[in-house]
Amino acid sequence: MNLFFFLLFAIIAVVCAVSVVAQRHPISSALSLIGVMGSLAVLYLLLGAEFIATAQIIVYAGAVMVLFIFVIMLLNAGAEDRGGKRSLLASALGVPAIVALLGVLCYFVQRWFPNAGTVQFDAWRGGSAQAFGYALFTDYLLPFEVTSVLILIAIIGAIVLARKELD
Amino acid sequence: MPSLPFQDAVPVSWYLLLSAVLFTLGVAGFIIRRNIITVFMCIELMLNAVNLSFVTFANQHRQVSGQIFTFFVMVVAAAEAAVGLAIILTVFKNRDTLNIDEINTLKN
């Protein structure tokens with residue numbers, strides 16, 4: 001059952017990711033990205049990260065993607081035109097470079113983690129909200145507080161950037 | 001290639017390979033797309049791929065620290081999305097385009 005769910009949601013994630021890259025309209029890309037995030041949340045559950053899976057749905061698939069779709073609709077972004085204005089070098093080397101990057105990543109994964117063990121659902125329950133919160137508020141308290149400052153700065157920055165110009 | 005597991009369990013490296021594939025797709029989209037919003041979504045795709053690696057390692061080492069890193073990546077991604085989309089709004093207001101090929105004031 002582990003293998004079945006992993007393969008099912010891995011395939012959904014990869015297909016949706018290809019769709020993110022291949023779709024012409026930004027709204028289609030955004031909806032595909034929501035599919036990627038949802039299937040990743042299921043994979044997090046399989047990995048025993050309950051809290052992260054919930055946060056993935058709420059923060060990523062919820063808040064961030066609503067922001068994206070809101071901006072797409074606000075700007076009335078249409079389908080992008082694909083003119084043939086690319087340089088010869090880019091179109092010649094682009095696909096080989098991407099394939100080479102994937103090959104290098106897969107090579108190092110196989111090289112470094114050939115027998116890294118297996119993942120079984122329910123074999124480890126360290127990702128519950130209780131365990132996560134305990135670690136966050138004891139060992140990682142200072143980074144957590146710094147994060148709140150970061151969010152404050154981001155809020156102020158967004159407001160400053162998006163406000164109307166005052167003459 | 002990892003040998004097929006006899007018991008019903010998924011090798012850790014498969015999760016890492018999925019993460020690598022998603023990251024590569026994000027890089028490809030980041031390079032080939034021209035719409036600035038789609039480019040931004042490809043960045044989110046790359047961050048998600050890295051998050052999957054973090055959670056996989058947290059499971060492999062039986063430590064919650066990897067999940068905490070994922071949490072921080074999520075927070076930074078949310079802040080980045082808020083600021084980045086505000087920048088996109090401002091660019092569109094000033095330049096009236098979303099095509100990154102036409103936003104080239106700093107070129108030359």
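Mentor: The radius of gyration is taken over C-alpha atoms, and the globule rule is 2.2 Å times the number of residues to the power 0.38. This is a predicted model: local features need pLDDT of at least 70, side-chain atom pairs count only at pLDDT 80 or more, and totals for chains, interfaces and linings use all residues. Residues are numbered from 1 along each chain as its sequence is written, with chains lettered from A and ligands numbered from 1 in the order in which they are written.

Trainee: What radius of gyration does chain B have?

Mentor: Chain B has 18 Å. A compact globule of 108 residues would be near 13 Å. The C-alpha trace of chain B spans about 60 × 30 × 25 Å along its principal axes.

Trainee: Which pattern does chain B follow along the sequence?

Mentor: Helices (H or I, at least four residues) and strands (E, at least two) are DSSP runs, numbered from the N terminus. Chain B reads β-α-α-α. That comes to 3 helices and 1 strand.

Trainee: How are helix α6 of chain A and helix α3 of chain B packed?

Mentor: Two packed helices are described by the angle between their axes and the distance between the axes. Axes are lines fitted to C-alpha atoms, for helices over the stretch in contact, and angles run from 0 to 180 degrees between N-to-C directions. Here α6 (residues 141-162) of chain A and α3 (residues 65-95) of chain B pack at about 10°, with axes 8 Å apart. So α6(A) is roughly parallel (under 35 degrees) to α3(B).

Conventions. Angles under 35 degrees count as roughly parallel, over 145 as roughly antiparallel, 65 to 115 as roughly perpendicular and the rest as oblique.
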